[in-house]
Amino acid sequence: TYTEPDVLAAIETAVQATTKAHGWQHLGVIGQYLHQSFADFTPMKLGYKKLLDLIAAHPERFAVKWSAPARKGAPHVWVRLAAGSGREESHRGQPE
């Protein structure tokens, strides 16, 4: 089983593993990482309807940006470590 602090630490690890120039990680990649780390992961076990709700509940740790899709479809959601969190890389800017 896992706790919210365990999941938040795993999200930070997933974000820090990004190869994007400005430190943004795609929400889908974070979800995949969590399922690899915690086989039975679901944000509902922590009281959140969606993974994005869990991340958005911690603005002191994470910044969230939306970008328009390249084609018709849903917008992309990007996450990076929040400025001033003490965990962020020196990346600045928008998602690529």
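The structure holds 2 aromatic pairs, where rings of Phe, Tyr and Trp (its six-membered ring) count as a pair if their centres lie within 6.5 Å, with planes under 30 degrees apart called stacked, over 60 edge-to-face and the rest tilted. The table sets out both pairs.

| Pair | Distance between ring centres | Angle between planes | Class |
|---|---|---|---|
| Y2 and F38 | 5.2 Å | 50° | tilted |
| Y2 and F41 | 5.6 Å | 45° | tilted |

This is a predicted model, in which local features need pLDDT of at least 70 and side-chain atom pairs count only at pLDDT 80 or more, while totals for chains, interfaces and linings use all residues. Residues are numbered from 1 along each chain as its sequence is written, and side-chain values use heavy atoms, with hydrogens and water left out.

Y2 lies in the segment before α1 and F41 in the loop between α2 and α3, so their pair ties together parts that are 39 residues apart in sequence. F38 also belongs to the loop between α2 and α3, 36 residues from Y2. Helices (H or I, at least four residues) and strands (E, at least two) are DSSP runs, numbered from the N terminus. Together, Y2, F38 and F41 form one aromatic cluster. Buried means under 20% relative accessible area, exposed over 50%, and partly exposed in between, using a 1.4 Å probe and protein chains only. Y2 is buried at 8%, F38 is buried at 15%, and F41 is buried at 5%.

Which residues of helix α2 (residues 27–37) are buried? They are L27, I30, G31 and L34, and because they cover an arc of only 100° around the axis (taken from the directions from the helix axis to the C-beta atoms), they lie on the same side of α2. The face turned away from this buried side carries the exposed residues Q32 and Q36.

Strand β3 is largely enclosed by the rest of the structure, because 5 of its 6 residues are buried. Two strands pair if DSSP finds at least two bridges between them. β3 pairs in the antiparallel sense with β1 over 2 bridges, where Q25 stands opposite V79. Strand β2 (residues 62–67) also pairs with β3 in the antiparallel sense, over 6 bridges, and here K65 stands opposite W78.
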